Amino acid sequence: MNFPPSLVILTGAGISAESGVKTFRDAGGLWEDHRIEDVASPEGFIRDPGLVQRFYNARRRQLPEVRPNAAHAALARLERDWAGDFLLVTQNVDDLHQRAGSMNLIAMHGELLKARCTLCEQASLWSGDITPESICPACGDVGFLRPHIVWFGEMPLEMDRIFRALAGCDVFAAIGTSGNVYPAAGFVDAVPRSCRTVELNLEPSLVASSFRDRRIGRATELVPAWVAEVLANS
């Protein structure tokens with residue numbers, strides 16, 4: 001029996017940049033004028049939890065100011081119309097894929113709109129600021145919440161599920177990724193040799209040579225065109 005093909009898509013900062021979400025770091029290695037290690041590492045959180053909470057509180061408050069773009073909408077359409085297995089993996093911590101309608105989604109680096117308790121380890125929906133007075137919705141303890149963000153030195157989320165999907169996929173696409181951050185940069189090497197691979201990027205990533213098909217341009221233009229092509233040929 002022939003089964004419909006399985007599709008795995010990886011998205012990075014490039015897909016949200018066209019919605020106005022700033023990319024992770026600038027040329028100087030800073031994120032919103034902060035050193036990455038100060039706001040995106042467990043050591044930074046231990047050293048100055050107030051700074052880290054203020055940083056992510058500000059990022060969380062900015063989310064209502066941005067909207068999903070045509071690339072987000074196209075991927076939600078692809079999920080709705082695709083006959084086979086579908087998994088969208090994003091390195092982004094914004095909620096633009098969810099607002100566009102994507103359902104089968106893994107946010108491997110965490111989500112801004114969740115908080116995690118450092119005592120009970122449960123993640124809960126959280127749209128406001130995290131303060132020293134914040135109460136964990138899961139266990140009721142006060143003052144132990146942190147952003148539900150995977151920092152440098154921490155393991156990305158749901159890696160077993162991701163690699164199972166990669167091992168069985170027939171089509172793998174990477175959109176708006178730099179190829180600079182592992183393990184995501186190695187996903188293209190984890191798919192079967194028969195898998196059709198495509199990179200859609202504003203410029204070639206560091207792992208572009210591993211893809212059979214490479215398309216350069218804006219995500220809002222490339223992704224809707226590619227989705228239409230894939231659905232027409234499915």
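These are legends for close-up views of one predicted model.

A few ground rules: in this predicted model, local features need pLDDT of at least 70 and side-chain atom pairs count only at pLDDT 80 or more, while totals for chains, interfaces and linings use all residues. Residues are numbered from 1 along each chain as its sequence is written, and side-chain values use heavy atoms, with hydrogens and water left out.

**View 1. Helices H5 and H8 pack with their axes within 7 Å.** Two packed helices are described by the angle between their axes and the distance between the axes. Here H5 (residues 70–81) and H8 (residues 219–233) cross at roughly 15°; axes are lines fitted to C-alpha atoms, for helices over the stretch in contact, and angles run from 0 to 180 degrees between N-to-C directions. That makes H5 roughly parallel to H8 (under 35 degrees is roughly parallel, over 145 roughly antiparallel, 65 to 115 roughly perpendicular, the rest oblique). The H5–H8 crossing is left-handed, meaning the near helix is turned anticlockwise from the far one by less than a right angle; clockwise would be right-handed. On the H5 side, the contact (heavy atoms within 4.5 Å) uses Ala70, Ala71, Ala74, Leu75, Arg77, Leu78 and Asp81. H8 brings residues including Val223, Pro224, Trp226, Val227 and Leu231. Sorted by class, the contact has 13 nonpolar, one polar and two charged residues. Nonpolar covers Ala, Val, Leu, Ile, Met, Phe, Trp, Tyr, Cys and Pro; charged covers Asp, Glu, Lys and Arg; the others, Gly among them, are polar. Helices (H or I, at least four residues) and strands (E, at least two) are DSSP runs, numbered from the N terminus.

**View 2. Helix H4 has the span you'd expect.** With 14 residues (49–62) at 1.5 Å a residue, H4 should span 20 Å, and its end C-alpha atoms are 20 Å apart, so the two agree. The expected span is 1.5 Å times one less than the number of residues. Its buried residues are Leu51, Val52, Gln53, Phe55, Tyr56, Asn57, Arg59 and Arg60 (buried is under 20% relative accessible area, exposed over 50%, partly exposed in between, with a 1.4 Å probe and protein chains only).

**View 3. Lys114 sits in strand E6 (residues 110–117).** Lys114 counts as partly exposed because its relative accessibility is 23%. Not counting residues up to four places away in sequence, Lys114 touches Ser124, Leu125, Trp126, Pro147 and His148.

View 4. At 25% relative accessibility, Leu157 is partly exposed. Leu157 and His109 are 48 residues apart along the chain, yet their C-alpha atoms are separated by 6.4 Å. Beyond four places in sequence, Leu157 is in contact with Ile106, Ala107, Met108, Gly110, His148, Val150 and Ile162. Glu158 has a positive phi, near 55°, and is partly exposed at 43% relative accessibility.

**View 5. The loop between E9 and E10 holds Thr177 and Pro183.** The Tyr182 to Pro183 peptide bond is cis, with omega near 15°. Most residues other than glycine have a negative phi, and most peptide bonds are trans. Thr177 counts as buried at 9% relative accessibility. Leaving aside neighbours within four places in sequence, Thr177 is in contact with Leu10, Thr11, Gly12, Gln91, Asn201 and Ser205.
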